[in-house]
Amino acid sequence: MTELAERPRAQDPQAAIAAILQRRAQEPGALLPILHDIQDTLGHVPADAVTAIADAVNLSRAEVHGVITYYHHFRSEPAARHVVHICRAEACQSMGADALVEHAQNHLGCALHGRSKNGEFTLEPAYCLGLCASSPAMMIDDELHARVTPRAFDALIAQAGGAQ
Amino acid sequence: MTITVYVPRDSAALAVGADRVARAIEQQASARKLDVKIVRNGSRGLFWLEPMVEVQTPEGRVAYGPVTPADVPSLLDTGLYNGGAHPLYLGLTEEIPYLKNQERLTFARMGITDPLSIADYEAHEGYAGLRAALQMAPDAVVQAVLDSGLRGRGGAAFPAGIKWKTVAGTSATQKYIVCNADEGDSGTFSDRMTMEGDPFMLIEGMTIAGIATGATRGYIYVRSEYPHAIAALNAAIANAEAAGYLGADVLGSGRAFWLEVRKGAGSYVCGEETALLESIEGKRGIVRAKPPLPAITGLFGKPTLINNVITLASVPIILARGATFYRDYGVGRSRGTLPLQLAGNIKRGGLVEKAFGVTLRELLYDFGGGSASGRPIKAVQMGGPLGAYLPESQWDTPLDYEAYAAMGGTLGHGGMVVHDDTADLSKLARYAMEFCAIESCGKCTPCRIGSTRGVEVIDKIRANQNRPQQVILLRDLCDTMVNGSLCAMGGMTPFPVLSALNHFPDDFGIAPPDRQAA
């Protein structure tokens, strides 16, 4: 059911990682740019890439693992085809974000950090998208949406890839 | 004749359909054989009117908003191109009271220019500051920043000139300018607007900082939640390089300055300056102990000037118009202007740049028009997730760093989150602790463990389990966090918690102090 949900892979992951390491490894403080490039290309940072990354930037595997797991943005497992971020911060709370998060969980059939019942969406909290004067705000993949009502949420989800 | 129409490209406009509006105008104009040029400007910051479309007329720019794609045909029918009447007609943009009553120094160009056009930037006083700085001795540039009274706009309000002087006075083979663009505070968006809507202003400020302190490399650390800001900065840097404003020989001065954008990865605490430096170095964003100060031992162990976006973006006008011009705005030791952000449950949310000294009440009602829900405003959180909840009795204090510190609050980055009377302050206090637990870097115990214990204690208070004892425990815990934490994350999380407890005891199920005494 969820096999189809991964991002389409344009290229062999090993080769993609090798190319990124080749391009970035000599930059000062290269680790975050490397991890971003890998995640942007593959949709996540595969656990089996840690050794190659560590070798390239002359760090221990533990240090690289520590960085990947420290930052909320990096994921070690593939996300669903679409990632939905709903802002939970104070400004959005003042305009009903808690209710929106609850509605989203019911509508998608999953908890925060989980994957929707149909496997199409990963639901994540965000702590501020910088749209605090147009709350509540959310993001589907890279597309921002403001003043989101539960009804607007359902429409956006349907548009992005069909709900249940 | 070409009709120039402006449709903002700011994230807050895109999030309510600005791209669709721009496409509709394009299609309708071509169907009617109208010669329309669409400029994707920054936002004026009147977010309740977004997407706000403007059109150039002989009398000045005229605004319409909020525009949906469905409004476009009727807008063109009624003569959008010559500022014709329409239900969405707002009049001359500059005459809209919300804008007219501001003192826009830093945001002077915001929403007026095409953010990526150097020609537009130059035509609106852009790069006048850098040109002036290049005619001055570096010490004089530092002195101008000192004399302006500019303080760190990220929240700590440390005098910017002192940092500049320290970096300038430290000799090293390499120095860095780092811009803290990890704007994670809820209720704030002035950094985002600057990067998306006037990126050259930030680039110019950083270049001036490089010239003044002898740094040749700069990094802008932008949070990953701001994809449009990252794209705009990268494009602006490329344009500035091509025009000779960045690179090995800035404007033929023989001085070098290179700039690079670094993307964060969703860690709030990376907005703390030393954690941010760790993150650029490719490590976990763990706070460093100070000293050594970043100005002496900073990025990659080298002297580093680290300032917030708005601090650096305030520098060009200080150099262009002089320190005195800037210092003449403001009150007490808070000089110049602060780009304030009205957010949350507010009718007219947006960006309001005012000189220090304005009151919260003026901002909430004269600018903001009261709550969005129409219900009474109960509390305002000033200064992000680490800022205090202010009850109505504190809304008349003039905005001033010292005055706010004196009442246990902070101006922070100038964000105000408005809550109406349906808000439960005990829930918001719990959220403050929860957020700290999620985002703590884990280095110091008061923050790492205190935040989790804080959530538990507030849960017990809310559930009325040994409430009086738990309140004492919560105050004790807050005291430990304030005095024992390494940085502001743990050290200021008690501000929203204690202010909620002190000003809204009913929400915690406890009687206010006067009723207890009775």
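The centres of domain 1 and domain 4 of chain B lie 47 Å apart, taken over C-alpha atoms. The model is predicted. Chain B is assigned four stretches: domain 1 (3–100), domain 2 (118–326), domain 3 (338–419) and domain 4 (425–517). Chain A has 164 residues and touches chain B through 35 of its residues.

**Chain A**
- Chain A holds seven helices and four strands.
- From the N terminus, the order is α-α-α-α-β-α-α-β-β-β-α.
- Its C-alpha atoms fill a box of roughly 50 × 35 × 20 Å along the principal axes.
- Of the 164 residues in chain A, 41% are buried.
- Take the contacts in chain A between residues at least 6 apart in sequence: 59% of them join residues at least 24 apart.

**Where the chains meet**
- Chain B gives 49 residues to the contact, and chain A gives 35.
- On the chain B side, three helices of chain B each give two or more residues: H1 (11–14), H12 (273–280) and H18 (425–439).
- Strands E8 (258–263), E12 (337–344) and E16 (415–420) of chain B also give two or more residues each.
- By class, this side of chain B has 21 nonpolar, 19 polar and nine charged residues.

**An enclosed helix in chain B**
- Helix H9 (residues 190–197) of chain B has eight of its eight residues buried, so it is largely enclosed by the rest of the structure.
- Among the buried residues of H9(B) are B:Asp191, B:Arg192 and B:Glu196.
- B:Met193 and B:Met195 are also on that list.

**Backbone points to look at**
- Most residues other than glycine have a negative phi, and most peptide bonds are trans.
- The peptide bond from A:Ser135 to A:Pro136 is cis, with omega near -10°.
- A:Pro136 sits in the loop between strands E2 (121–126) and E3 (138–140) of chain A.
- Another cis peptide bond joins B:Gly65 and B:Pro66, with omega about -10°.
- B:Pro66 is in the loop between strand E4 (60–64) and helix H3 (72–77) of chain B.
- B:Glu125 is not a glycine, yet its phi is positive, near 70°.
- The loop between helices H5 (118–123) and H6 (128–134) of chain B holds B:Glu125.
- B:Glu125 counts as partly exposed because it has 15 C-beta neighbours inside 10 Å.
- B:Asn466 is not a glycine either, and has a positive phi of about 50°.
- B:Asn466 lies in the loop between helices H19 (445–462) and H20 (467–484) of chain B.
- With 12 C-beta neighbours inside 10 Å, B:Asn466 counts as exposed.

Note on methods:
Residues are numbered from 1 along each chain as its sequence is written. Chains are lettered from A and ligands numbered from 1 in the order in which they are written. This is a predicted model: local features need pLDDT of at least 70, side-chain atom pairs count only at pLDDT 80 or more; totals for chains, interfaces and linings use all residues. Domain bounds come from an automatic or database domain assignment. A residue is buried if 20 or more other C-beta atoms lie within 10 Å of its own, exposed if 12 or fewer, and partly exposed in between; C-beta atoms are placed from the backbone. Two residues are in contact if their C-beta atoms, placed from the backbone, lie within 7 Å. Ala, Val, Leu, Ile, Met, Phe, Trp, Tyr, Cys and Pro count as nonpolar, Asp, Glu, Lys and Arg as charged, and the others, Gly among them, as polar.
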